[in-house]
Protein chains: 2
Amino acid sequence: MIPVIAATAQEVCMCELLGMSANVPTDLCFSFTGLRQRGGGTGPHKDGWGVIFYEGIGIRSFHDPGASVSSEVANLLARYPIKSTVAMCHIRQANVGSVALENTHPFVREFGGRYWSFAHNGQLPGFHLPDCGMAQRYRPVGQTDSEALFCCLLNEMLEEGVDALDREQLVQRIVGFCAQHAQTGVFNIILSNGLWLFSFCSTKLACITRRAPFRPATLRDGDIKVDFRSETTPHDVVSVVATSPLTYDEGWRTFAPGDWCVWEAGELVGAGHVDVPRFAHPKDKKPMQAASA
Amino acid sequence: MIPVIAATAQEVCMCELLGMSANVPTDLCFSFTGLRQRGGGTGPHKDGWGVIFYEGIGIRSFHDPGASVSSEVANLLARYPIKSTVAMCHIRQANVGSVALENTHPFVREFGGRYWSFAHNGQLPGFHLPDCGMAQRYRPVGQTDSEALFCCLLNEMLEEGVDALDREQLVQRIVGFCAQHAQTGVFNIILSNGLWLFSFCSTKLACITRRAPFRPATLRDGDIKVDFRSETTPHDVVSVVATSPLTYDEGWRTFAPGDWCVWEAGELVGAGHVDVPRFAHPKDKKPMQAASA
């Protein structure tokens, strides 16, 4: 039986995650327009935000320690279509680590000649980097447990000599890491090396794959509708993962705690489940329902 | 006697460097407005551009593989004052490595719990990463010799166990690295860990320190004037280093090949000279003159 462990809103970082994987370069303007409203507008996550766009093996990163709803840089990203096959976004409500640029997700490190990026929703009380591995080649710059956990994962993979280009081996290793750390706290994550996008649900995560026939969709945050038919070709496949559904008129799939998924070029290429303790998601303790389709 | 080695424009990367160190958070809008004109406007460097802003120990990075003169993101940066104590900018005219995001300077890596950033003007024919050190913990993502050289420096410092917070030790090590590699090609660099800003001149570099009494200044690229008196307090100290002077009515100091400088909080805190071969700077083979003051 999986134990249920209560957590209060004060104990757990309320953050919003967003990830995208696509088979053609796709912009994030629509999803980002919705998500950014939660950064000080429809949501309380006003303590910084960041976006990573992969274009081939290169990245563009945007980080801002202020509220996304009023950010000049966020204004640009909501209207300027940066085309990407993998992107991730995080908006932050701080608890561990001050409101500062160095504590703003997603975190980025080069590993095996690729840029890896990582964003986390949750908190792991008592986690300290020295707990894992002696190499500590990767060190956190800021004070968050999230960045320390990311460094810990990379240090472990470096020590073990995992093949940085072998997706199967990497995902297996990352799932093991998630299963271990999700025992001690809330550990919803998205992680990418630019080729594939991995997500692990500890309390709350939802996803959708859009493909032909495309349809209109309406944002839950803000009265904005897009008709994907005019934005796509019949061959486009785009998967989006987020803390909660971004639209109310599409069929999002909700994750159960312990579920993980990995997408490449928009398609689900791996998924599974590990047993984890059930922590309550702060301010949202009812089970999440799929949005009406 | 220092040998004079000719280099053609085809052999050497024509790029533009810009670095800033200040004792109070200072925006780069004025200097960036001038420099970006050289990225496809008054200069031919249209193959990408990037800027790093340090805010405390955090960074914001902006990279774009297109021409800075027509970039939407550059438009934002020229008018939106991001305040920083250390910043660096690079605009690129490609030779080694395709025009792609992953080849766009400045390059960033975490070393010793700080973000290090690096931009290079020049080319080192024949340089390959395996030449230096076995650890190769840091690997280039793109194909430029510049990124490989940066990784090489970090691998060497990691192997040697240098103290990542000891400025004197680090600068001594970096000067040695520059002296070695400037023997084989053009190696103008700026490098920072967010605390201090280092620059090394192989062919061409100029700098200025602005302090009270401040005066007006006029950009060489574009008919734009700023009166620093209205932008500063009497205690502000701001040093700027660039491939060539950005203004024509201030007294810029030119570097001789082999000169290096390091600034912290706007003040020069170290400088020296090493003997290096004299390579011609492409398309600018006359000795550079200081701008009229």
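Here is a short walk through the helices and a few backbone details.

User: Before we start, what kind of model is this, and how are residues and chains labelled?

Analyst: This is a predicted model, where local features need pLDDT of at least 70 and side-chain atom pairs count only at pLDDT 80 or more, while totals for chains, interfaces and linings use all residues. Residues are numbered from 1 along each chain as its sequence is written, chains are lettered from A and ligands numbered from 1 in the order in which they are written, and side-chain values use heavy atoms, with hydrogens and water left out.

User: What does the secondary structure of chain A come to?

Analyst: Chain A has 4 helices and 17 strands. Helices (H or I, at least four residues) and strands (E, at least two) are DSSP runs, numbered from the N terminus. Of the 293 residues in chain A, 61% are buried. Buried means under 20% relative accessible area, exposed over 50%, and partly exposed in between (1.4 Å probe, protein chains only). Take the contacts in chain A with a separation of 6 or more: 72% of them come from residues 24 or more positions apart. Contact here means heavy atoms within 4.5 Å.

User: How do I read two packed helices?

Analyst: Two packed helices are described by the angle between their axes and the distance between the axes. The axes are lines fitted to C-alpha atoms, for helices over the stretch in contact, and angles run from 0 to 180 degrees between N-to-C directions. As for the cut-offs, angles under 35 degrees count as roughly parallel, over 145 as roughly antiparallel, 65 to 115 as roughly perpendicular and the rest as oblique.

User: Which residues make that contact?

Analyst: On the α3(A) side they are A:L149, A:C152, A:L153, A:E156, A:M157 and A:E160, and on the α4(A) side A:L170, A:R173, A:I174, A:F177 and A:H181. They divide into 7 nonpolar, 1 polar and 3 charged. In this scheme Ala, Val, Leu, Ile, Met, Phe, Trp, Tyr, Cys and Pro count as nonpolar, Asp, Glu, Lys and Arg as charged, and the others, Gly among them, as polar.

User: What else does α4(A) pack against?

Analyst: The buried residues of α4(A), including A:V171, A:V175 and A:C178, pack against β7 (114-121), α3, β8 (188-192), β9 (196-200) and β15 (259-264) of chain A.

User: Which helices pack between the chains, and at what angle?

Analyst: Helix α2 (residues 72-79) of chain A packs with helix α2 (residues 72-79) of chain B at about 160°, with their axes 11 Å apart. So α2(A) is roughly antiparallel to α2(B). The contact involves A:E72, A:V73, A:L76 and A:R79 from α2(A), and B:E72, B:V73, B:L76 and B:R79 from α2(B). Those residues split into 4 nonpolar, no polar and 4 charged.

User: Is B:L77 buried or exposed?

Analyst: B:L77 lies in helix α2 of chain B, and at 4% relative accessibility B:L77 counts as buried. Leaving aside neighbours within four places in sequence, B:L77 is in contact with B:C29, B:F32, B:W49, B:V51, B:F53, B:F62 and B:I82. B:C29 sits 48 residues away along the chain, yet the C-alpha atoms of B:L77 and B:C29 are separated by 6.6 Å. B:C29 and B:F32 are among the buried residues of α1(B). In helix α1 (residues 29-37) of chain B, 8 of the 9 residues are buried, so the helix is largely enclosed by the rest of the structure.

User: What should I look for in the backbone?

Analyst: Most residues other than glycine have a negative phi, and most peptide bonds are trans. In chain A, the peptide bond from A:H105 to A:P106 is cis, with omega near -15°, and A:P106 lies in the loop between β5 (84-91) and β6 (107-111). Another cis bond joins A:A212 and A:P213, with omega about -5°; A:P213 is in the loop between β10 (206-211) and β11 (216-218).

User: Where does a positive phi turn up in a residue other than glycine?

Analyst: Look at A:A265, with phi near 50°, in the loop between β15 and β16 (267-273) of chain A. A:A265 is partly exposed, at 35% relative accessible area. In chain B, B:A265 also has phi near 50° and is partly exposed, at 36%.
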